[in-house]
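Biologist: I would like to go through this model with you, one question at a time. Could you keep each reply to the computed values and close on what I asked for?

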Amino acid sequence: MSSSVTDDEKWLHDAVYAMYDAYLTSDRARADSYIAEDVTLWDTEHEPLVFGLSGLNALRDSRPPGSVGAVAGIDVTEPVIDVWEDFALVRHTFTVRFTDPAARPERVRNTGVWRRREGTWLLVHNHEDVLPEQ
């Protein structure tokens, strides 16, 4: 990040990385602390729009046990962040590396819409889609 970033941009940048770290360590509570109760999401493996944190948790619970353990790491590109008063748009790509050496890494692009509510930034919409293999 350049030295001209705002405090909000720095916080949002760090939140992106913290959420992936929380996923990799199976710390759902920490990941959820960044997500609004009324969030909407487009997930890479689930076509219908997901409504609410409860819907996200139902989707998470429907995944096979051990799916987090199949992920060796997540490499995130530098997020592009724009802030307009109490709204922010955060865009980045990431590559999921798997523990199975035969599994090809999966590249994903992500757009997150964040809203400051009562002084706290929360993710209110997230959209992910898998990019074609290179």
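Biologist: How far apart are N and O in the salt bridge where the side chains of R63 and D43 meet?

Modeller: A salt bridge here is a side-chain nitrogen of Lys or Arg within 4 Å of a carboxyl oxygen of Asp or Glu. The side chains of R63 and D43 meet in such a bridge, with an N to O distance of 2.6 Å.

Biologist: Which parts of the chain does that pair tie together?

Modeller: Please note that this is a predicted model, in which local features need pLDDT of at least 70 and side-chain atom pairs count only at pLDDT 80 or more, while totals for chains, interfaces and linings use all residues. Residues are numbered from 1 along each chain as its sequence is written, and side-chain values use heavy atoms, with hydrogens and water left out. Helices (H or I, at least four residues) and strands (E, at least two) are DSSP runs numbered from the N terminus. The pair ties together parts that are 20 residues apart in sequence, because R63 lies in the loop between α3 (52-62) and β3 (71-76) and D43 in strand β1 (residues 35-43).

Biologist: Is D43 buried or exposed?

Modeller: With a 1.4 Å probe and protein chains only, buried means under 20% relative accessible area, exposed over 50%, and partly exposed in between. R63, at 29% relative accessibility, counts as partly exposed. D43 has a relative accessible area of 18%, so D43 is buried.

Biologist: Which residues does the network of salt bridges that share partners join?

Modeller: D86 forms a salt bridge with R116, the closest N and O atoms being 2.8 Å apart. That pair links distant parts of the chain, since D86 is in the loop between β4 (80-84) and β5 (87-98) and R116 is in strand β6 (residues 106-117), 30 residues apart. Through salt bridges that share partners, one network joins D8, D86 and R116.

Biologist: Which residues are closest to the centre of the largest pocket?

Modeller: A pocket is found on a 1 Å grid over the protein atoms alone, as an open set of points where a 1.4 Å probe fits, with protein on both sides within 12 Å along at least five of seven lines, and lining residues have an atom within 4 Å of a point. The largest pocket has a volume of about 1100 Å³, a volume being the space filled by probe spheres set on the points. Of the 40 residues that line the largest pocket, the closest to its centre are Y23, D43, R60, R63 and E128.

Biologist: How many residues in the lining of the second largest pocket are charged?

Modeller: The second largest pocket has a volume of about 150 Å³, and its lining includes R104, E106 and P132. Counting Asp, Glu, Lys and Arg as charged, Ala, Val, Leu, Ile, Met, Phe, Trp, Tyr, Cys and Pro as nonpolar, and the others, Gly among them, as polar, the lining divides into four nonpolar, two polar and, as charged residues, four.
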